[in-house]
Amino acid sequence: TLTHAQTGEALAIIDGNWVTEVRTAALSLVAARRMARADAASLALIGTGVQGRSHLRAFAAEFPLERVFLVGRGRENLDRLAVLALDLGIEPVECEQEAAMRAADLTVTSISYTKETEPFIDAAWVKPGSFTAVTDTFVPWMRGTLGVFERKIIDDLEQERAMTARPLLVLKQVDGDLGGLIDGTVSGRTDQGERALFAFRGHALADLAAAGLAYQMRETE
């Protein structure tokens, strides 16, 4: 429920799942604009559900994508993503995660957490010069391999300092956060060959911003 900040008046009821879908891809894209190569032409989606679809739409609008590698187990989700890719003029290719990551200029992982999930992604597979967005708090990643990333950015350093029980990354190995990327106090890509990583938990404020923008856009249409 979106409410007026001064009066408390209810302005709109917005689908919370839609807001999260859009917001997550938007955060990845904000980071990618500063950390990915502008000529990135291929995308690997490790996880083919809602976030796979939202990231494909977002990245296709920003980068000259020619091919998307699809890694998932659900036939329905794979087929839906393939149709979306074709609608966007992008060739869909189903393959295994290692082959996808070795070939892709951009990678997004969005594996849902379950107690049975065992890490199966080796960061050594990441292509030199590529950008990776981790939306799943490293659930499928072998954490001991993450040192291959030469550039690591998270969404918010202050928030992360409070997450002592299960940190995303060792903070002393993090180069900065999304706010720093945006205001220019933290550099994005510093070398064409470096492997760049953006890992994030997400912001409640980002959900609010997305909901507010949706409401404002509706008012102007």
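On a 1 Å grid laid over the protein atoms alone, a pocket is an open set of points where a 1.4 Å probe fits, with protein on both sides within 12 Å along at least five of seven lines, and its lining residues are those with an atom within 4 Å of a point. Grid points are joined across faces, edges and corners, and a volume is the space filled by probe spheres set on the points. The structure examined here is a predicted model, in which local features need pLDDT of at least 70 and side-chain atom pairs count only at pLDDT 80 or more, while totals for chains, interfaces and linings use all residues. Residues are numbered from 1 along each chain as its sequence is written, and side-chain values use heavy atoms, with hydrogens and water left out.

The largest pocket holds about 710 Å³ of space. Its lining consists of 32 residues, of which Gly47, Thr48, Ser110, Ile111 and Ser112 are the closest to the centre. Helices and strands are named here as DSSP runs numbered from the N terminus (helices H or I with at least four residues, strands E with at least two). At least two lining residues of the largest pocket come from each of helix H1, helix H2 (50-60), strand E4 (67-71) and helix H3 (75-87), and H1 gives the most, with 4 residues. When Ala, Val, Leu, Ile, Met, Phe, Trp, Tyr, Cys and Pro are counted as nonpolar, Asp, Glu, Lys and Arg as charged, and the others, Gly among them, as polar, this lining divides into 9 nonpolar, 16 polar and 7 charged residues.

The second largest pocket holds about 410 Å³ of space. It is lined by 19 residues, and those closest to its centre are Val22, Arg23, Ala25, Ala26 and Ala210. Helix H1, helix H2 and helix H7 (204-220) each supply at least two residues of this lining, with H1 giving the most, 10 residues. By class, the lining of the second largest pocket has 14 nonpolar residues, 1 polar residue and 4 charged residues.

The interior was examined next. In soluble globular proteins, nonpolar side chains tend to be buried together. A residue is called buried under 20% relative accessible area, exposed over 50% and partly exposed in between, with a 1.4 Å probe and protein chains only; a nonpolar core is then a set of buried Ala, Val, Leu, Ile, Met, Phe, Trp, Tyr and Cys residues joined through side-chain atoms within 4.5 Å. The largest such core has 34 residues, and those with the most contacts inside it are Leu43, Leu56, Phe59, Phe63, Leu106, Phe131 and Phe198. Helix H1 (residues 16-35) provides the largest share of this core, 6 residues. A second, separate core has 22 residues, including Ala44, Val71, Ile121 and Leu146. With contact taken as heavy atoms within 4.5 Å, and with residues up to four places away in sequence not counted, Leu43 touches several residues, among them Leu56, Phe59, Leu65, Ala104 and Leu106.

Helix H2 is largely enclosed by the rest of the structure, because 8 of its 11 residues are buried. These buried residues are Gln51, Gly52, Arg53, Ser54, His55, Leu56, Ala58 and Phe59, and what covers them includes H1, strand E3 (42-46), E4, H3, strand E6 (106-109) and E7.

Phe138 forms one aromatic cluster with Trp141 and Phe149. In the whole structure, a search finds 4 aromatic pairs, where rings of Phe, Tyr and Trp (its six-membered ring) pair if their centres lie within 6.5 Å, and planes under 30 degrees apart count as stacked, over 60 as edge-to-face and the rest as tilted.

Two further arginines were considered. Arg33, placed in helix H1, is 155 residues from Gly188 in sequence and 8.7 Å from it in space, C-alpha to C-alpha. Arg73, in the loop between E4 and H3, is exposed, with a relative accessible area of 87%.
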